Structures are given as C-alpha cells and as structure tokens.
Amino acid sequence: MKIDILTLFPSMFSALDDSIIKRAKENGLLKIKAIDIREFSKDKHKKCDDYTFGGGAGMLMMPQPIADCMRSVKGYKSAYKIYLSPKGTPLTQKKVESLAKKKHLILLCGHYEGVDQRIIDTYIDEEISIGDYVLTGGELPAMVLIDSVSRFVPGVLGNDESAEDESFSSGLLEYPQYTRPADFEGMKVPEVLLSGNHAEIKKWREDESKKLTKKNRPDLLK
Ligand code: 4FV
C-alpha cells in the first residue's frame with residue numbers, strides 16, 4: 001500500500017519509524033511518504049495560512065500550497081484522498097478494513113481552523129474523524145489511521161500478531177486476557193483458562209465480552 005501524507009509538519013511522522021510499521025516499510029509492504037505543503041507555497045515568505053472570509057477567530061490553511069502539493073503526488077487522481085477532520089465520518093474498525101483494501105491513500109492534515117473548503121470540494125473523497133474532540137492538527141489522526149489500516153495489509157502483522165478475534169472484530173469488546181505466571185502476587189488467573197476445556201473457555205470469553213461491552217460500550221450492543 002502507498003500512503004502519501006500532505007502536512008506542514010512532516011517530521012512528526014518519524015513516530016512511524018519503529019516496530020511493526022518500520023518493519024513493514026523495510027519489507028516494502030508500506031510505502032509511506034510525508035510531503036511538506038509549505039514547499040509548494042508561492043508566497044515569498046512561504047505563508048500557508050490566512051484570515052477567514054466573513055471574520056471569526058483563527059487562521060485557515062490557504063488553497064494554493066495544498067492544491068499544488070496534491071497535484072505533485074504521482075497518481076493523485078486515482079488515489080483515495082482523505083482529509084482528517086472532526087467534521088468527518090467516524091474512523092471505525094469496519095472503515096479501517098475497507099480502507100486497507102485501497103492501493104493508494106493520500107492523507108491531508110489540517111492545522112489552525114482547518115483548510116479552505118474549495119480544497120475539500122475539489123480533491124477530497126472522504127473526511128474522516130478519529131473522535132469527537134478537537135486536536136491542534138491532523139497529523140496524529142493521520143498516524144492513527146495509518147497504524148490501524150496497516151494491521152490489515154497482508155504480511156504487516158507477523159503470525160504472532162493477529163488482527164482476528166480482537167475488539168470490534170466480533171462487534172464486541174475483547175475478553176480479559178492473562179499470561180504467565182498463573183499466580184502473580186497472589187492474583188490468580190481464572191481457573192477456566194487453565195482447564196484446557198476449549199468449549200468452557202470459549203463460553204467464558206463470550207460472557208466476559210458481553211459483560212464488558214454492556215458496561216463500557218452499550219451502544220455496540222444495539
Ligand atoms: C481531528 C479529529 C481534529 C481540527 C482543527 C486539526 C483538528 C485542526 N481530525 N479527527 N478529531 N483535527 O481534531 O480528525 O485543523
């Protein structure tokens with residue numbers, strides 16, 4: 001999968017240069033590139049933001065640097081172009097799995113109050129939000145999207161890591177999990193998990209998932 005990121009802060013994406021994503025980049029499974037929008041500003045001072053028409057607090061990212069940056073990306077017309085914004089559709093595991101089937105994603109990261117609407121109307125296929133709160137920029141949401149989508153790109157997760165049987169894969173929250181030692185500071189692992197009785201274990205896990213989902217995410221049960 002090819003992922004191009006349009007951002008005013010390309011250095012933030014060094015956070016992806018570790019662990020699973022780093023390995024996937026080295027194996028050529030992921031081609032991730034952060035492109036500095038400011039390099040495309042035609043303003044003599046490389047200005048990329050300006051006041052909003054109609055007044056109102058805050059600045060907005062100007063259309064020209066973003067448009068030229070977008071058009072500089074090879075194959076931008078056929079890529080699936082996403083703007084990370086609190087006004088977008090929620091990023092869910094279902095959405096993540098559908099995005100993981102795309103060959104080429106372009107992610108636009110906003111700053112200040114956001115970007116000029118004409119960029120969204122002209123280039124963006126979908127606005128996506130990672131949650132109902134306001135951040136200082138779209139970079140962290142872009143990294144959240146890249147990390148979650150990468151897990152579904154074949155070969156990115158080794159066989160000891162699995163995207164199956166986890167929270168949301170069954171529409172429920174995942175059951176509690178334990179590893180050695182069976183007795184940690186007097187706290188014991190539930191007997192059923194040591195029983196080897198897979199039917200019993202499966203039942204216990206389903207019950208625990210339902211219980212936890214009812215407690216933390218009753219909306220998922222509806
Ligand atoms: C956001 C979110 C988010 C809004 C103003 C960037 C900020 C600034 N993006 N999910 N929540 N973006 O808060 O995706 O431009």
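## Exposure classes and basis of the model

A residue is called buried when its relative accessible area is under 20%, exposed when it is over 50%, and partly exposed in between, with a 1.4 Å probe and protein chains only. By that scale L221 is partly exposed, with a relative accessible area of 40%. L221 has its place in helix 7, residues 218-221, where helices are DSSP runs of H or I with at least four residues and strands are E runs of at least two, both numbered from the N terminus. The C-alpha atom of L221 is separated by 7.5 Å from that of L172, although the two residues are 49 apart along the chain.

The model is a predicted one, in which local features need pLDDT of at least 70 and side-chain atom pairs count only at pLDDT 80 or more, while totals for chains, interfaces and linings use all residues. Residues are numbered from 1 along each chain as its sequence is written, and side-chain values use heavy atoms, with hydrogens and water left out.

## The ligand and its shell

The ligand is surrounded by 17 residues, of which Y112, I130, G131, Y133 and L135 are the closest; a residue counts as near if one of its heavy atoms lies within 4 Å. The shell divides into nine nonpolar residues, eight polar ones and no charged ones, with Ala, Val, Leu, Ile, Met, Phe, Trp, Tyr, Cys and Pro taken as nonpolar, Asp, Glu, Lys and Arg as charged, and the others, Gly among them, as polar.

The protein covers 95% of the 370 Å² of accessible area that the ligand has on its own, as computed by the Shrake-Rupley method with a 1.4 Å probe; for residues, only the protein chains shown count as cover. Two or more residues of the shell are given by strand 5 (80-90) and by strand 7 (126-129), and strand 5 gives the largest share, three residues.

Strand 7 also holds E126, which is buried with a relative accessible area of 12%. The side chain of E126 makes a polar contact of 2.9 Å with the side chain of T89.

## Strands 1 and 2

Five of the six residues of strand 1 (residues 2-7) are buried, so this strand is largely enclosed by the rest of the structure. Strand 1 runs parallel to strand 2 (residues 31-36), and six bridges join the two; strands are said to pair if DSSP finds at least two bridges between them. Within this pairing, K2 stands opposite K31 of strand 2.

Strand 2 also contains D36, a buried residue with a relative accessible area of 18%.

## Cysteines

The number of disulfides is zero, where a disulfide is a pair of cysteine sulfur atoms within 2.5 Å. The sulfur of C48 has its closest cysteine sulfur in C69, at 9.3 Å, which is too far for a bond.

Terms used
Polar contact = N/O pair within 3.5 Å; in protein donor to acceptor, adjacent residues only side chain to side chain.
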